[in-house]
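Thanks for coming, everyone. I'll keep this brief. Have a look at the slide first.

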Number of protein chains: 2
Amino acid sequence: MQTIFQSVQVTFRYAVCFTNGLFGPENPLLEEVIRAQSDSLPTKVFFIVDGGVALHHPGLSGEIESYCRYRTQLLTLVQAPLVMEGGECAKNDPANVEVVYEAIHRLGLDRHSYIVVVGGGALIDMVGYAAATAHRGVRLIRVPTTVLAQNDSGVGVKNGINAYNKKNFLGTFAPPAAVLNDFDFLCTLCERDWRSGMAEAVKVALIKDAKFFEFIEEHAGVLSGRDMPAMEHLIHRCAQLHLEHIAGSGDPFEFGSSRPLDFGHWAAHKLEPLTGYTLRHGEAVAVGIALDTTYAYLSGLLAKSDWQRVLNVLLALGLAVHTPELSLYHDRTDARCILQGLNEFREHLGGKLTIMLLARIGQGIEVHEMDEDKIIESIELLAHYQIQPSQEPCREQTPALVY
Amino acid sequence: MQTIFQSVQVTFRYAVCFTNGLFGPENPLLEEVIRAQSDSLPTKVFFIVDGGVALHHPGLSGEIESYCRYRTQLLTLVQAPLVMEGGECAKNDPANVEVVYEAIHRLGLDRHSYIVVVGGGALIDMVGYAAATAHRGVRLIRVPTTVLAQNDSGVGVKNGINAYNKKNFLGTFAPPAAVLNDFDFLCTLCERDWRSGMAEAVKVALIKDAKFFEFIEEHAGVLSGRDMPAMEHLIHRCAQLHLEHIAGSGDPFEFGSSRPLDFGHWAAHKLEPLTGYTLRHGEAVAVGIALDTTYAYLSGLLAKSDWQRVLNVLLALGLAVHTPELSLYHDRTDARCILQGLNEFREHLGGKLTIMLLARIGQGIEVHEMDEDKIIESIELLAHYQIQPSQEPCREQTPALVY
């Protein structure tokens, strides 16, 4: 009896928007986004706000309620915004997902209702997972409030929570209904959150866009000095590069083993639990980038001047390139803990180990194995690295970038 | 700052195959399916078997182990097949999902490993949900063993478990890696499982394919008498119609409110919990089809002769068209419990209530509201309905169908 070959095509569309004062009384963005997608109005909307954001913006819940009160033809605010703890603990405690499920059930939210999550990448990941799996997907509008979430984790197609001490062990691919980046939220970020999110911009620039790397290099000083226009340009370009990769890679849901955007991430994913999640994701990625760039240099893949430029820009942004946890040894074996990260990363990707390294600035190169001695040598080199005047690389004169 | 409009296209491909003796030593099907999809071999494979299947096929685990032992270049059997309880209770107890997660973690399964689930639709739904959410999707091969699962639930793109007393409250859209329908498993089905699965074939025939309905009508006697070639034809055609709808509807992941394949399902979804899940899903669907067909007849949408043909074929297949739970009243209110099913169905679909009714045999018609008095009138009519010699409808002479 004949085999039936099924082919199912699905197109997901969403807008990634940039604004200020999203919940200001006159800002039309949220209203427009919902109106464009909804065939029956008013639609139910449920807000979840990161505890850290609520702390720095005590008027936010009131603003949201007022925003909805003036738009009852469009929005039915089902209850006052729910404040939940953000940060990695949001992803570590499964009770958080249950809280969101229970609310969806109790409030009668359906596949055409909206959950709007306002917060950092970890809270967005957790709420996104709950929203994606209740009713096989309640619509999610993400309002990322950190540099990291606005330029990377908040704009992509994934969600997840941690389980069995494995990062993102549970999760789905579920594009959002929209992403609304409000730059105003960045003003109240602490120093670490301001700086650490820039690591993902360095990452994507290094593997995709040499000109963007030069922008970061040239503006490292003002970026670390909290210059807002420079940061806005960095976030927009970084989000754009991530989004272009996802749409254009031919493998947005990662059926294969190749994952270029995870440059620097095999070590980062291991460092986060090794430091008990005291290291921010972006800080861990900075160390991971430094490690893999150093490894590429020691392997003869990358020129010394490029290697120095990468480490220098990370340091100039205020990001460390080394952390003592790189040198932890396993209790029972003689092996460095960090090396376990390679196999865990392979399991996380599935299939064949595939690691992105650097061929030169703006261009990655994939390898399928890494030499453990050379990794350890790289760690030693990083432990003592200090900003050095880089040899000016041979490159064309570029006009000053305008943003 | 410019909005970025993201468009992500994903194509899911999978084969739905038909065979006998899938785990027989010489059957190449499973081997071929895995070989075609895997770039690094051997690949890890983990089997989960429905308790009901294990009971009727005590040699199955041994066959599976032997099958893998002769193919170690291709398959690494990570442990002996795990037997789990099937039926709706598989979807009602969240501990079952945890069992699958824990195994995926412990056995180091990744996105390129395979879980092969052998069983009825409920177990497939539950294991499918766990597989889809671990590592954002471990590959799933479904081996449906009931009529219902082979022709409907096992071939589609959904999974799910029940929560908060709501059917499929948690779930995802996640096409499988392959579906392998082994007809031999049907031989040991009990009478109810043999018959009830045919309700989905009647459903899809009624809204899609008048000729297929005629086939069922003409073969109702042999079908209920367990004629295997007739059942094989029914399953193949029913699966084909479901798959064509999913691929061709333009909305495989159900972003809209229209869901034609849920003809008869609003009442069915309510009857299942109302009967404490003692009614099989197919049995509930048969009642749901009878109810909505009667409603269409009483509303003047459907000719009397067509109405009678529908009820007659259900009865001839051994399916009841009425159940006492249709007439249960809510404890505190004066309302019939079944009527709550309309709103719960709307919530389940999301957006606007959209119910498929019948215009004639082979053609559905969508409505957006139902009259409660007419639903009750339909129930009364069904309570006393008995097979009647239908007036032969005016239709062209068709040659005998060959299967």
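How many bridges join strand 2 of chain B to strand 5 of chain B, and in which sense do they run? There are 5 bridges, and strand 2 of chain B and strand 5 (residues 114-119) of chain B run parallel. Two strands pair here if DSSP finds at least two bridges between them. Helices (H or I, at least four residues) and strands (E, at least two) are DSSP runs, numbered from the N terminus.

A word on the source. This is a predicted model: local features need pLDDT of at least 70, side-chain atom pairs count only at pLDDT 80 or more, and totals for chains, interfaces and linings use all residues. Residues are numbered from 1 along each chain as its sequence is written, while chains are lettered from A and ligands numbered from 1 in the order in which they are written.

Now chain A as a whole. Its secondary structure comes to 16 helices and 11 strands. The radius of gyration of chain A is 22 Å, close to the 22 Å that the globule rule gives for 403 residues, so chain A is as compact as a globular protein of that length. That radius is taken over C-alpha atoms, and the rule is 2.2 Å times the number of residues to the power 0.38. Along the principal axes, the C-alpha atoms of chain A fill a box of roughly 60 × 60 × 45 Å. Buried residues make up 54% of the 403 residues in chain A. A residue is buried if 20 or more other C-beta atoms lie within 10 Å of its own, exposed if 12 or fewer, and partly exposed in between, with C-beta atoms placed from the backbone.

Contacts next. Two residues are in contact if their C-beta atoms, placed from the backbone, lie within 7 Å. Take the contacts in chain A between residues at least 6 apart in sequence: 77% join residues at least 24 apart.

Back to strand 2, this time in chain A. Why is strand 2 of chain A described as largely enclosed by the rest of the structure? Because 7 of the 8 residues of this strand (residues 43-50) are buried. Look at its partners. Strand 3 (residues 75-77) of chain A runs parallel to strand 2 of chain A, with 3 bridges. There, T43(A) has L75(A) as its bridge partner. Strand 5 (residues 114-119) of chain A also pairs with strand 2 of chain A in the parallel sense, over 5 bridges. F46(A) is partnered by I115(A) in strand 5 of chain A. Then 3 bridges join strand 2 of chain A to strand 4 (residues 82-84) of chain A, again parallel. V49(A) stands opposite V83(A) there.

A cis peptide bond joins L41(A) and P42(A), with omega about 0°. In chain B, L41(B) and P42(B) are joined by a cis peptide bond too. Most residues other than glycine have a negative phi, and most peptide bonds are trans.

R136(A) is not a glycine, but its phi is positive, about 55°. R136(A) sits in the loop between helix 6 and strand 6 (139-144) of chain A. Is R136(A) buried or exposed? It is buried, with 25 other C-beta atoms within 10 Å.

Now a helix pair in chain B. Two packed helices are described by the angle between their axes and the distance between the axes. Helix 13 (residues 265-274) and helix 16 (residues 337-349) of chain B pack at an angle of about 120°, with axes 8 Å apart. Axes are lines fitted to C-alpha atoms, for helices over the stretch in contact, and angles run from 0 to 180 degrees between N-to-C directions. Residues of helix 13 of chain B in this contact include W266(B) and L274(B), and those of helix 16 of chain B include I338(B) and F345(B).

Last, the two chains together. The contact takes 57 residues from chain A and 57 residues from chain B. Which element of chain A gives the most to the side that touches chain B? Strand 1 of chain A, with 15 residues. Strand 1 of chain A and strand 1 (residues 4-19) of chain B pair in the antiparallel sense over 13 bridges. Q9(A), for one, stands opposite T11(B).
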